[in-house]
Amino acid sequence: MTRVPFLPSSSVNRFTITTVPFPQFSKSTAFPFYPHGKPQITRRISVVAMSTTVLVTGAGGRTGQIVYKKLKERSEQYTARGLVRTPESKEKIGEEDDVYIADIRDAESIVSAIQGVDALIILTSAVPKMKPEFDPSQGGRPEFYFEDGAFPEQVDWIGQKNQIDAAKASGVKQIVLVGSMGGTNPNHPLNSIGNGNILVWKRKAEQYLADSGIPYTIIRYVLLLLSE
C-alpha cells in the first residue's frame, strides 16, 4: 500500500505520482509463474502541493516592495499579500487585489489582511523627516522630526504590537520582524533623531514578539544594500 500524507483541500498546485512497477507472484514461493509476462500495476494518486501564504506589512517601503515582489515571483511556493498605509502606496506596487490598505496603529483595521496567513513579515517602521529649513551650504548637521501620529512609539511599538496580537489570534505560524542594530543600547545616537527613541521602541516590540509564543525570526540589520 502506498501511503500519502493528508493535505487540506485549499491547495494551489496538483500533480500526479506514478508508482514503480509492482511484481505479482504466483502461489508458489519457490517458482513464481507469470503466464503472460510480469504485470505492471500503475496507481494514480492525487497529491496536493501546498503554498505558504505570506503577508508583508510595510510593503510600500523600499525594502517591503522588494520582499513583496520576490514572493510574487515564487508563486509556486508562496501566496503573497501586501499591507500598505495609503492608496498611493498600493498604486506604487501595482494595485493588486492582494494588497490591503490599513493603519497598523488601529488594531481592527489589520484583521482582514492577516486572516488565513501562514507567515507574517513585519517591515513597518517610523520614518523621520528632515526639517525643511536645513541648508547644506551653511554647514552643520541636518535636523529631523517625526510627523504627528507617526512617532516610533506609535509605529514601532503600538503598531508592531497590534500586528503580533492579530497574528497570534489568527494562528500565524511564523513571524519575521525586521528591526535595526543598536536596540540594546539606550544611548545609541539613533535614539536622539527627532527625540523619538526609535531603537528603544523597536527593542520593546522585539521582546514582545519573543514572549508571544509564536515562532519568530528577528533581523537586526546594520546596512541594507537594496537591489532588484
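Which residues does His-188 touch, not counting residues up to four places away in sequence? They are Met-181, Gly-182 and Leu-199, where contact means heavy atoms within 4.5 Å.

A word on the basis of this report: the model is predicted, with local features needing pLDDT of at least 70 and side-chain atom pairs counting only at pLDDT 80 or more, while totals for chains, interfaces and linings use all residues. Residues are numbered from 1 along each chain as its sequence is written, and side-chain values use heavy atoms, leaving out hydrogens and water.

**His-188 and its loop**

His-188 sits in the loop between β9 (174–180) and α5 (198–210); helices (H or I, at least four residues) and strands (E, at least two) are DSSP runs numbered from the N terminus. His-188 counts as buried because its relative accessibility is 16%; buried means under 20% relative accessible area, exposed over 50%, and partly exposed in between, with a 1.4 Å probe and protein chains only. Its side chain also reaches the backbone nitrogen of Leu-190 at 3.1 Å.

**The sheet and its helices**

Let us turn to the sheet. Six strands make up an open, parallel sheet in the order β5-β4-β3-β6-β9-β10; two strands pair if DSSP finds at least two bridges between them. At the edges are β5 (99–101) and β10 (216–221), each pairing on one side only. Neighbouring strands are turned by 20° against each other on average, direction ignored.

Strand β6 (residues 119–122) runs parallel to β9 and is joined to β9 by four bridges. Ile-122 stands opposite Leu-177 in β9. Axes are lines fitted to C-alpha atoms, for helices over the stretch in contact, and angles run from 0 to 180 degrees between N-to-C directions.

| Helix | Strands touched | Angle between directions |
|---|---|---|
| α1 (residues 62–73) | β3 (52–57), β4 (78–84), β5 and β6 | about 155° with β4 |
| α4 (residues 152–170) | β3, β6 and β9 | about 175° with β6 |

**The nonpolar cores**

A nonpolar core is a set of buried Ala, Val, Leu, Ile, Met, Phe, Trp, Tyr and Cys residues joined through side-chain atoms within 4.5 Å. The largest one has 23 residues, and those touching the most other members are Leu-55, Leu-83, Ile-114, Leu-120, Ala-167, Val-172 and Ile-175. Two or more residues each come from α3 (111–114), β6, α4, β9 and α5, and α4 gives the largest share, four residues.

Leu-55 has contacts beyond four places in sequence that include Arg-81, Leu-83, Ile-114 and Leu-120. A second, separate core of 14 residues has Val-56, Ala-59, Ile-93 and Val-99 among its members.

Notes. A polar contact is a pair of N or O atoms within 3.5 Å; within protein, one must be able to donate a hydrogen and the other to accept it, and residues adjacent in sequence count only if both atoms are side-chain atoms.
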